[in-house]
Amino acid sequence: MAETVWRTGCATGVRVSAALLAAVVAAALLVPLAVPLDEQAVDLGAKLLPPTWSHPFGTDEVGRDLLLRCVYGLRVSLLVGVVAALTATVIGTAVGALAGALGGWADRVVMRIVDLFSSVPHLLLGVFVVAMFRPGVWPVIASVALTHWLSTARIVRAEVLSLRSRPYIDAAVSGGASRRRVLVRHLLPGVLPQAGLAAVLMVPHAIWHESALSFLGLGLPAHRASLGTMVQSARGSLLAGDWWPTLFPGLFIIVPTLAIAVLAGAWRERLNPRRRSELTL
């Protein structure tokens, strides 16, 4: 009975999350095409208007439409999240697979390097990387990717070490397969599901990381729409009682990241059914 209730709740959460994520992606793609307005257009006569039919999310402190600003900021966040997550997953998979396949001193050296970088907070490393470049999307992507591959490397290394003890790996080695062939033909295909899951789980983290950098003024240029920048610039309005310049950008950060996290959790449960039985005890 408990497992049936748990399955039903999970299925409902997955459907709701998938619908929310689809709506968010559709908004990011279609709203700029359907609304022929400039998201950077300033109208001081319409500043800090509350939500109305003409401005569903209201306007900001210089009269810019918040709906368009949120959508363009969401596009940046999704771009950074997806590209940075994929890049970090490729780096982490390559490092973790090589460390696990080589073993010995090479494995120890690589993992000590991973431990060294993991001891420094991601945001601090990200600030250091972004500070070396001019503000823009690609420095932010590089910052997130270069600071988030460490966990993937650990996951892939552990999976490779587990696969190395399988009988078919021993049979391949006994049959004269080279270490490179064993890695490419047998080990890497076995770690791809875990690497894919790590990439999906990394997307929300990357979106939050980009928003945090933008909130600190180290992300995109000030004139570009960014959810983190919008939340930062709306602090004064919130203190004055104008809630909408902070609420809607915040929701555009929270909703897609929670939806992706729920979908990734369902994928993780499917990859590891034992975890479900442990949760329903």
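Where does Leu48 lie? Leu48 sits in the loop between H1 and H2. I'll come back to that residue. One caution before we start: this is a predicted model.

Let's take the overall layout. The protein has twelve helices and zero strands. Read along the sequence, the pattern is α-α-α-α-α-α-α-α-α-α-α-α. There are 281 residues, and 41% of them count as buried. Now look at contacts between residues at least 6 apart in sequence. Of those, 73% join residues at least 24 apart.

Leu48 is not a glycine, yet its phi is positive, at about 55 degrees. Most residues other than glycine have a negative phi. What about its surroundings?

Next, the inside. Which residues have the most contacts inside the largest nonpolar core? They are Phe57, Cys70, Leu74, Trp149 and Phe252, in a core of 33 residues. H2 gives the most, with ten residues. There is also a second, separate core of twelve residues. Among its members are Ala101, Val156, Leu163 and Ala195.

Let's zoom in on two residues. Start with Cys70. Leave out residues up to four places away in sequence, and Cys70 touches Phe57, Leu227, Met230, Phe248, Pro249 and Phe252.

Leu227 is on that list, so let's turn to Leu227. This residue lies in helix H9. Is Leu227 buried or exposed? Its relative accessibility is 0%, so Leu227 counts as buried. With residues up to four places away again left out, Leu227 touches Cys70, Gly73, Leu74, Ser77, Pro249, Phe252 and Ile253. One distance to note: Leu227 and Ile207 are 20 residues apart in sequence. In space, C-alpha to C-alpha, the two are 9.7 Å apart.

Now the helix packing. I have two pairs, and H5 is in both.

Pair one is H2 with H5. Their axes come within 8 Å and cross at roughly 40 degrees. H2 and H5 are therefore oblique to each other. H2 passes H5 in a right-handed crossing. Who makes the contact? From H2, we have Val76, Leu79, Val80, Val83, Ala84, Thr87, Ala88 and Ile91. From H5, we have Val137, Trp138, Val140, Ile141, Val144, Ala145 and Leu146. By class, that contact of H2 with H5 has 14 nonpolar residues, one polar and no charged.

Pair two is H4, residues 122-131, with H5, residues 137-147. At what angle do H4 and H5 pack? The angle is about 140 degrees, and the axes are 9 Å apart. That makes H4 oblique to H5. H4 also passes H5 in a right-handed crossing. On the H4 side, the contact uses His122, Leu125, Gly126, Val129 and Val130. On the H5 side are Pro139, Val140, Ala142, Ser143 and Thr147. Here the contact of H4 with H5 has six nonpolar residues, four polar and no charged.

Methods: Residues are numbered from 1 along each chain as its sequence is written. This is a predicted model: local features need pLDDT of at least 70, side-chain atom pairs count only at pLDDT 80 or more; totals for chains, interfaces and linings use all residues. Side-chain values use heavy atoms; hydrogens and water are left out. Axes are lines fitted to C-alpha atoms, for helices over the stretch in contact, and angles run from 0 to 180 degrees between N-to-C directions. Helices (H or I, at least four residues) and strands (E, at least two) are DSSP runs, numbered from the N terminus. Angles under 35 degrees count as roughly parallel, over 145 as roughly antiparallel, 65 to 115 as roughly perpendicular and the rest as oblique. A crossing is left-handed if the near helix is turned anticlockwise from the far one by less than a right angle, and right-handed if clockwise. Contact means heavy atoms within 4.5 Å. Ala, Val, Leu, Ile, Met, Phe, Trp, Tyr, Cys and Pro count as nonpolar, Asp, Glu, Lys and Arg as charged, and the others, Gly among them, as polar. A nonpolar core is a set of buried Ala, Val, Leu, Ile, Met, Phe, Trp, Tyr and Cys residues joined through side-chain atoms within 4.5 Å. Buried means under 20% relative accessible area, exposed over 50%, partly exposed in between (1.4 Å probe, protein chains only).
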